[in-house]
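Please consult the sequence and the structure shown below while reading.

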Amino acid sequence: MNRTDRLLAIVLELQGKGKQRAEDLAATFETSKRTIYRDIQALAEAGVPIVSVPGLGYSLVEGYFLPPLRFTTDEGAMLMLGSDLMAQHFDAEYRAAAQSAGRKIAGALSEPLRDEVQYLRDSIRFIALGAQDKPDEVERLQQLRRSIVKRQTVRFRYFAKHSDENSPNTRDADPYGLVHVSGSWILVAYCHLRHDMRNFRLSRMEHLTLLPKTFARQPNFSMQEYLRLQRDLPSEEWISVCVLFDQSVVRLVEEGYLFFVVAKEETAEGLRLTLRVREERDVVQWLLSWGKHVRVIEPASLRDFLIEETTAMLHNLQNEAQHHKSPIANRT
């Protein structure tokens, strides 16, 4: 980034985030604090009203705004693509807001630049499979968004992954945020039952209601820090799983991992992956989907669990084959 771009970016950073220390700006723009000091001085000399508070950092005088921005082709294309992507993943109200934002961005572009950006926009597509196939989740998403803004406690029946599906439990929770992961919405909330922060999949909720009770968010809670801690839990809270995929499916496996991969090794036999999971059950369905192309190296207890599961599957298939007098029954 050249100095002119960095000076503008510093003003935008102060305008968007408020007070920023020299070390924060230096980290953001990957430069030294001395360079930031010189940049701040240059901005002040150019007439940008910057306030410096010892120990707190720099900020702009309240009410100061930059003149309208001019976008490059790449910047305009990324903003338009971003609005398209957000429109796919949010409910009708936010979808309309994203589409409106896209129109405003397009209106700020010059006509030649607008045509170029539109061409790029038409040439790059994000396909959100199943994004419109869950109308029941759309209503829950709207309710949860309101509860986050209004800080209202919610109540819902929840089907925990490893509990009896016929026995969901009722939860009261204080919603803090929503995260979209691999096509699924997850609520991050303080669970009154567990007395701790928990993640809840919207697809496993039913009978969601907003209670008249309001809550105060935990002081200094940061969604970014919470998600980082979820990835960096101490090793004793995870189970290490090592699996080996044969060469015939390595390319397919590498298209995407569903679990947190901590190690990957190419071997003569195939691809060896080490995963961290909370419970062995978390990987069972994924491993079964690869059939004979995967072997569990460790733990032995997971191998035993898979044997039990496949034995039960075989039993069901045999019973079904007997019921229909299928030739499969004679081959097993």
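## Salt bridges between separate parts of the chain

Arg295 and Glu269 are joined through their side chains by a salt bridge, with an N to O distance of 2.9 Å; the term denotes a side-chain nitrogen of Lys or Arg within 4 Å of a carboxyl oxygen of Asp or Glu. Because Arg295 belongs to strand β11 (residues 294–298) and Glu269 to the loop between β9 (260–266) and β10 (270–277), the pair ties together parts that are 26 residues apart in sequence. Helices (H or I, at least four residues) and strands (E, at least two) are DSSP runs, numbered from the N terminus. Arg295 is partly exposed at 45% relative accessibility, whereas Glu269 is exposed at 52%. Here buried means under 20% relative accessible area, exposed over 50%, and partly exposed in between (1.4 Å probe, protein chains only).

The model is predicted: local features need pLDDT of at least 70 and side-chain atom pairs count only at pLDDT 80 or more, while totals for chains, interfaces and linings use all residues. Residues are numbered from 1 along each chain as its sequence is written, and side-chain values use heavy atoms, with hydrogens and water left out.

A further salt bridge connects Glu206 and Arg157 at 2.8 Å, N to O. This pair links distant parts of the chain, Glu206 being in strand β7 (residues 205–214) and Arg157 in strand β3 (residues 152–158), 49 residues apart. Both partners are partly exposed, Glu206 with a relative accessible area of 22% and Arg157 with 30%.

## Other salt bridges

Glu23 and Arg21 also form a salt bridge, and their closest N and O atoms are 3.4 Å apart. Glu23 is partly exposed at 34% relative accessibility, as is Arg21 at 36%. The count of salt bridges comes to ten.

## Packing of α1 and α3

How do the axes of α1 and α3 cross? Helix α1 (residues 3–17) and helix α3 (residues 33–45) have axes that come within 10 Å and cross at roughly 80°. The axes are lines fitted to C-alpha atoms, for helices over the stretch in contact, and angles run from 0 to 180 degrees between N-to-C directions. The two helices, α1 and α3, are therefore roughly perpendicular to each other, a class that covers 65 to 115 degrees; angles under 35 count as roughly parallel, over 145 as roughly antiparallel, and the rest as oblique.

On the α1 side, the contact (heavy atoms within 4.5 Å) is made by Arg3, Arg6, Leu7, Ile10 and Val11. The α3 side supplies Thr35, Ile36, Arg38, Asp39, Ile40, Ala42 and Leu43. By class, the contact of α1 with α3 has seven nonpolar, one polar and four charged residues.

## Buried positions

In helix α10 (residues 281–288), the residues Asp282, Val283, Val284, Trp286 and Leu287 are buried. The buried residues of α10 pack against β8 (239–246), β10, β11 and α11 (300–324).

Ser147, in helix α7 (residues 135–150), is buried at 0% relative accessibility. Apart from neighbours within four places in sequence, Ser147 is in contact with Gln152, Val154, Pro175, Leu210 and Phe215.

## The chain as a whole

The protein chain has twelve helices and eleven strands. Of its 332 residues, 33% are buried. Among contacts between residues at least 6 apart in sequence, 56% join residues at least 24 apart.

How values were computed: Nonpolar A, V, L, I, M, F, W, Y, C, P; charged D, E, K, R; others polar.
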